[in-house]
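My entries follow in the order in which I checked them.

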Amino acid sequence: MPSLSLNGKSILLVISGGIAAYKSLELIRLIKKSGGSVRCVLTKGGEQFTTPLSVATLSEEQVYTDIWSLKDETEIGHIRLSREADLVVIAPASANMIAKLAHGIADDLASTALLASDKPLLIAPAMNHVMWENPATQDNIKTLQNRGILQIDPGTGDMACGEFGMGRMAEPEEIFGAILGFFNEEKPLSGLTALVTSGPTYEPLDPVRFIGNRSSGKQGHAIAEALATQGADVTLVTGPVALPDPAGVKTIHVETAVEMLETCHKALPADIAVCAAAVSDWSATTIMSRKIKKRGDRIPPDLKLKENPDILAMLARPAPKRPALVIGFAAETENLIEAAQEKRQNKGCDWIIANNVGSTEKIFGADENHVYLITENGAEEWKRTSKKVVAKKLADQIADHFLTQKTQIAAE
Ligand code: C5P
């Protein structure tokens, strides 16, 4: 078996303040030895514990420390710095760095590059055990976990401050192992392609107005990201949303239902299709080329609408390019499970994620969801949790489904 390597992989290593920064020098050495390249950003605190010269010497790269450095910004800039890596690692991740990350504070080069990053993130926390256990730090860690970051737990032992407890940064070999695992791990959905729709559609009436809806795209985007994290090659077709494109996903932006359908067809074949978009059911029969004006006779314009194509039903139709697993959503206000079962059959899809939008729970635009997974075998409740966790559970369920199929084929 070939030994694992980081050949061709590039890592952005952020070294924040903490005595554990000295261990990051060994981490740089391990990354370089296994064929990876590593660019380092030192925070002001990081510079107190390790020198830019030692970091530059080991990484064989320029070291970045200052957001106001004209030379660095003109040569590479914080945006490129954050985009040119395959993986961003923060080691050590101080309590302050974790808090800034959780709250989107960008007040130095490291935190600004992290906020601008669209790459997977691995953190190795390091701090005094009371700081680690402080509810503020634990809340921040939970926030980051809900966003799907990877974390190497700190260890327990004697601390540099003379106290004993949990908070020591993991050893460089362990962090290096996690980096190797990230790049080389055989992921459950490796080799499979997925198509995900997300967000609302906007159906124009005239150059100014449109028919739209309140979908935020949070659930669909989280699903696209979760499938990519599990190794699938994901294409996300999204309507207008105020969200960044998810990391590691090919994202295509569309406006109308017809554009969404055409883009989905072009993205086929795919093994998995998840239709999470809130597609407008209707569009205007005629889009006015000029803004529709009040005429002074107090009679409102006579808008004529036509029905939009049902993308989910089209993708689920028996056809040579039908994805092996087609999943839809059902937002219902009453008889949730029966209505969703009926929708599953009418649309011809395999699974439905159903949620009750008529209940007192806020779903549209919220960060949490309370759903039922409806399959031919019945309904399974997933209690209210973050949309990221719902996405991860769905990705796990999809992975299980393909694994079972593979095992059955192998047994035949
Ligand atoms: O019929 P209804 O809008 O309740 O169905 C919801 C499901 O169908 C969702 O998965 C949604 O993405 C999908 N859908 C679609 N195209 C439409 C309408 C709904 O793909 N025109």
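**Ligand site**

I looked at polar contacts first, taking a pair of N or O atoms within 3.5 Å as a contact; within protein, one atom must be able to donate a hydrogen and the other to accept it, and residues adjacent in sequence count only if both atoms are side-chain atoms. A backbone N or O atom of Ala277 is 2.6 Å from an oxygen atom of the ligand. For Cys275, I also read 2.6 Å between a backbone N or O atom and a ligand oxygen. On the nitrogen side, a polar backbone atom of Ile311 lies 3.0 Å from a nitrogen atom of the ligand. I then checked burial: the ligand alone exposes 450 Å², and the protein buries 84% of this area. Those areas come from the Shrake-Rupley method with a 1.4 Å probe; for residues, only the protein chains shown count as cover.

I note that the model is predicted: local features need pLDDT of at least 70, side-chain atom pairs count only at pLDDT 80 or more, and totals for chains, interfaces and linings use all residues. Residues are numbered from 1 along each chain as its sequence is written, and side-chain values use heavy atoms, with hydrogens and water left out.

The shell consists of Cys275, Ala277, Val279, Asp281, Pro309, Asp310, Ile311, Leu312, Gly328, Phe329, Lys343 and Lys347. By class I found 7 nonpolar, 1 polar and 4 charged residues in it. Here Ala, Val, Leu, Ile, Met, Phe, Trp, Tyr, Cys and Pro count as nonpolar, Asp, Glu, Lys and Arg as charged, and the others, Gly among them, as polar.

**Pocket**

I asked which space the ligand takes, and found the second largest pocket. A molecule sits in a pocket or cavity if more than half of its atoms lie within 2 Å of its grid points. On a 1 Å grid over the protein atoms alone, a pocket is an open set with protein on both sides within 12 Å along at least five of seven lines, a cavity is a set of points where a 1.4 Å probe fits but cannot get out, and lining residues have an atom within 4 Å of a point. The second largest pocket holds about 960 Å³. It has 40 lining residues, and Ala276, Ala277, Ala278, Val279 and Phe329 are the closest to its centre. I sorted this lining into 17 nonpolar, 15 polar and 8 charged residues.

**Cavity**

I counted 1 cavity of 30 Å³ or more. Volume here is the space filled by probe spheres set on grid points, which are joined across faces, edges and corners. The lining of the largest cavity is Tyr64, Asp66, Asp72, Glu73, Ile76, Gly77, His78, Leu81 and Leu109. Helix 5 gives the most to this lining, with 3 residues. Helices (H or I, at least four residues) and strands (E, at least two) are DSSP runs, numbered from the N terminus.

**Backbone**

I found a cis peptide bond from Ala91 to Pro92, with omega near -5 degrees; Pro92 is in strand 4. Leu268 and Pro269 are also joined by a cis bond, with omega about 5 degrees. Pro269 lies in the loop between helix 12 and strand 14. Glu60, a residue other than glycine, has a positive phi near 55 degrees, and I placed it in the loop between helix 3 and strand 3.

Terms used
Near = heavy atom within 4 Å.
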